Amino acid sequence: MADGEHAEAFHAELLRRRERGELPAVREIVPAARTVLLDGIIDGIHDGVHGGTGERTPGERTPRERAAGARERFARDLASWRVEPPQREGREPVEIPVVYDGPDLDEVAALWGVPAGEVAALHSRTAFRVAFCGFAPGFGYLTGLPERLHVPRRTTPRTRVPAGAVALAGPYTGVYPRPSPGGWQIVGRMPDPGALWDPAREPAALLVPGTPVRFVAVGAGAGDGGALALPAPRAGDVPAGRARAGDSPAGGPRVGDSRVGA
């Protein structure tokens with residue numbers, strides 16, 4: 001797709017049509033940076049051969065051929081849709097407390113051309129939105145930073161980034177839900193990152209596609225008791241444990257046709 005906004009609009013249109021019963025039996029709808037994955041089975045397509053006899057009449061298509069034809073028709077139908085720009089409903093943002101004391105704070109400040117103390121103000125004043133999820137369960141790719149505040153990845157990725165690290169790369173902000181390698185620029189930390197991924201909750205991920213997010217600067221002494229309360233998440237379309245889309249914060253490729261950072 002042309003860009004992330006087009007992908008977001010197409011994802012919203014798919015959800016609307018599924019709610020109206022206008023889609024085939026699609027099991028999953030998973031947005032990415034410039035793509036939307038549809039995973040499922042086309043209605044009316046079944047395995048096996050005609051009549052269960054092991055024989056078919058001359059000219060009759062095999063189940064595989066019928067399935068391929070159904071997919072082609074569905075793809076042509078998708079291409080003909082008129083997709084309206086995304087209409088972002090007035091949902092209250094999820095507020096994420098951040099201590100802005102990350103190891104890359106000075107480097108990001110230099111790239112932005114501001115004093116280090118201004119990074120927290122610029123970042124926390126930005127209205128973010130989860131574009132898609134990937135890399136690891138619970139990791140959301142948040143858009144919203146203006147182009148002048150985009151930053152490249154670190155030249156050398158870290159072998160271990162702690163859970164709760166708030167980091168930037170290209171147009172994205174992300175919060176690491178668990179310790180992992182990573183190459184993004186770390187500007188702060190979430191005092192209690194446990195809310196990002198909770199397998200006992202539905203959905204398990206706090207930051208699902210479409211969620212508005214606001215970062216709130218807190219003092220360095222904020223711990224489990226000092227962190228702000230987080231609103232309950234809404235159900236999303238990225239299934240628990242599936243991290244298929246997104247440019248890896250550790251430096252790997254993502255679904256789509258552009259790179260994040262350098």
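Me: Does valine 166 count as buried or exposed in this model?
Reply: This is a predicted model, and in it valine 166 is found in strand S7. A residue counts as buried when its relative accessible area is under 20%. Because the relative accessibility of valine 166 is 0%, this residue counts as buried.

Me: Which residues is valine 166 in contact with, leaving aside its neighbours within four places in sequence?
Reply: The C-alpha atom of valine 166 is separated by 9.1 Å from that of valine 99, and these two residues are 67 residues apart along the chain. Leaving aside neighbours within four places in sequence, the contacts of valine 166 are Val98, His123, Thr173, Gly174, Val175, Gln185, Ile186, Val187, Gly188, Arg189, Met190 and Phe215.

Me: Are H3 and H4 roughly parallel or roughly perpendicular?
Reply: The axes of helices H3 and H4 come within 8 Å and cross at roughly 80°. Angles of 65 to 115 degrees count as roughly perpendicular, and therefore H3 is, relative to H4, roughly perpendicular.

Me: How many nonpolar residues are in the contact of H3 with H4?
Reply: On the H3 side the residues are Leu105, Asp106, Val108, Ala109 and Trp112, and they meet Ala116, Val119 and Leu122 in H4. Sorted by class, this contact has 1 charged residue and no polar ones, while the number of nonpolar residues is 7.

Me: Which residues of helix H4 are buried?
Reply: Helix H4 covers residues 116-124, and its buried residues pack against helix H3 as well as strands S4, S7, S8, S10 and S11. Those buried residues are Val119, Ala120, Leu122, His123 and Ser124.

Me: What gives the most residues to the largest nonpolar core?
Reply: The largest nonpolar core has 28 residues, and those with the most contacts inside it are Ile96, Trp112, Val187, Leu207, Val213 and Phe215. At least two residues of this core come from each of S3, H3, H4, S4, S7 and S11. With 4 residues, the element that gives the most to this core is H3.

Me: Where is proline 203, which a cis peptide bond joins to glutamate 202?
Reply: Most peptide bonds are trans. The bond between glutamate 202 and proline 203, however, is cis, with omega about -5°. Proline 203 has its place in the loop between S10 and S11.

Me: What is the mean pLDDT of the protein chain?
Reply: Residues 43-53 stay under 50 in pLDDT, and residues 224-247 are also below 50. Where pLDDT is low, the predicted coordinates should not be read in detail. Across the protein chain, 62% of residues reach 70 or more, and the mean pLDDT is 74.

Conventions: Residues numbered from 1 in each chain as written. Predicted model: local features only at pLDDT ≥ 70, side-chain atom pairs only at ≥ 80, totals over all residues. Heavy atoms only, no water. Buried < 20%, exposed > 50% of the residue type's maximum accessible area, 1.4 Å probe, protein only. Contact = heavy atoms within 4.5 Å. pLDDT = per-residue confidence, 0-100. Axes fitted to C-alpha atoms, helices over the stretch in contact; angles between N-to-C directions. Parallel < 35°, antiparallel > 145°, perpendicular 65-115°, else oblique. Nonpolar A, V, L, I, M, F, W, Y, C, P; charged D, E, K, R; others polar. Core = buried A, V, L, I, M, F, W, Y, C linked by side-chain atoms within 4.5 Å.
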